[in-house]
Amino acid sequence: MFVTSAFAQESAPATTEGDTHSATGVPAEAHGAFPPFDPATFPSQLLWLAITFGLFYLFLKRVVMPRVGGIIDVRNDRISKDLDQASKLKGEADAAVAAYEQELAEAKKNANSIGQQATDAAKAEADTARKKIEAALDQKLGEAEARIASIKASAMKEVGGIAEDTASEIVEALVGGKASKAEVAAAVKSVAR
Amino acid sequence: MAADKVDPIHQFHIIKLIPINIGGYDLSFTNSALFMVATVVVAAGFLFLTTSSRSLVPGRLQSVSEMAYEFVGNMLRDAAGTQGMKFFPLVFSLFMFVLVANLLGLFPYFFTITSHIIVTFGLAILVIATVIVYGFMKHGLGFLKLFVPKGVPLVMMVLVVPIEVISFVSRPVSLSVRLFANMLAGHITLKVFSGFVVSLSALGALGIAGSILPLAMAVALTALELLVALLQAYVFAVLTCMYLNDALHPSH
């Protein structure tokens, strides 16, 4: 900027000289002065500035600024309205979610109790069935044991008979002569003891 | 003619297009007035046409208008509070007028109205006159508290009050000179470097090769001037907001 103003000062006198010599295309009101400081142009510039700027001011104040302000106000209204609407909708959505979750929790609880009941019932049924089967099995077991005992008893009885026969035959073969049946039976019984 | 081409002041000349003379005053419609009209038409036309559809979801151009509107609105609200919003039309028109005038001035062969001190001074006086008139209307003589800072010993007042007065009086000067000098200096620099390109390339092949440097410089300066055009419009608007704040709240 400093360089520039120095240039301006240097070139200003040169210009005025050139102007006065050539005087071509140089307006008469310049009078060789530096144009922005030429007081001869002041009244006309001030007048036209007042006219143009005055009209500009009125136009902006009356037409443009209400319009632009209106546009911006309308937009702000619209935005705040939309935001209100959005927050309302969000509240509704939140309420719906809460209700859904509550229902879900209740349903879960119901499902749990139903399941519990079902398992209990099934367990009881299984228990009774098991007891019945066990009783039947016990009975069969008892019968089988009784049978085994009787078979065992009869077998033992027969074993006694066979031993007596065998003993009497052995006695016959060894000693010759017959041993009385009662003696043999007594002997076998004493050995078997 | 060669001298005319590289004359960096030529762009600031006022040319009468329609001579008007009333009561001894030269009130001609000049190229300056033409570009004031152009600035107003472009700025008002842009704002009017881009917002004509009143879309809820703005297009690109409508966003530009809305952004400018909200930018200036926030600037004013930050500086002067909600009470300051009654000056919104004034600050917004000042901002748009200076901005579009600066931007239009960047086009080659276009006249830059903000490079004339009388124009920027006129706008600055408008601001300061608004501050003074509104300040006295709202606060009466209490507006003079602006020049009497709180908590300063009475002895110091002799020194402080004149300083405050001087600083207040210099406001329109600094406000107008800042904008004017920036635009003037930038346009002279641009013209000088562009002039180098022209005069160097007249020197034959070597000159054309040498003119690449000032050409690159002119391109870079154009970008810089674009920034300056935006920045100065912003600075003008911000300072306007701060001065208006003084009118609303004089005791600081």
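Residues are numbered from 1 along each chain as its sequence is written, while chains are lettered from A and ligands numbered from 1 in the order in which they are written.

**Confidence in chain A**

- Chain A has a mean pLDDT of 82, with 82% of its residues at 70 or more; pLDDT is the predictor's confidence in each residue, from 0 to 100.
- Helices (H or I, at least four residues) and strands (E, at least two) are DSSP runs, numbered from the N terminus.
- Over residues 1–31 of chain A, pLDDT stays under 50, and the model has 37 contacts beyond four places in sequence for them; two residues are in contact if their C-beta atoms, placed from the backbone, lie within 7 Å.
- Where pLDDT is low, the predicted coordinates should not be read in detail.

**Chain B at a glance**

- Chain B holds eight helices and four strands, in the order α-β-β-β-β-α-α-α-α-α-α-α from the N terminus.
- Its C-alpha atoms fill a box of roughly 75 × 55 × 45 Å along the principal axes.
- Of the 252 residues of chain B, 37% are buried, that is, they have 20 or more other C-beta atoms within 10 Å of their own, with C-beta atoms placed from the backbone.

**Where the chains meet**

- The contact draws on 45 residues of chain A and 47 residues of chain B.
- On the chain A side, helix 1 (2–22) and helix 2 (42–175) each supply at least two residues, and helix 2 of chain A gives the largest share, 26 residues.
- That side of chain A comprises 31 nonpolar, nine polar and five charged residues; Ala, Val, Leu, Ile, Met, Phe, Trp, Tyr, Cys and Pro count as nonpolar, Asp, Glu, Lys and Arg as charged, and the others, Gly among them, as polar.

**The largest nonpolar core**

- A nonpolar core is a set of buried Ala, Val, Leu, Ile, Met, Phe, Trp, Tyr and Cys residues joined through C-beta atoms within 7 Å.
- The largest one has 63 residues, and those with the most contacts inside it include Phe97(B) and Ala237(B).
- Helix 4 (88–105) of chain B and helix 2 of chain A are among the elements giving two or more residues to this core, and helix 4 of chain B gives the largest share, 11 residues.
- Leaving aside neighbours within four places in sequence, Phe97(B) is in contact with Phe53(A), Phe56(A), Thr39(B) and Ala43(B).

Technical notes
This is a predicted model: local features need pLDDT of at least 70, side-chain atom pairs count only at pLDDT 80 or more; totals for chains, interfaces and linings use all residues. A residue is buried if 20 or more other C-beta atoms lie within 10 Å of its own, exposed if 12 or fewer, and partly exposed in between; C-beta atoms are placed from the backbone.
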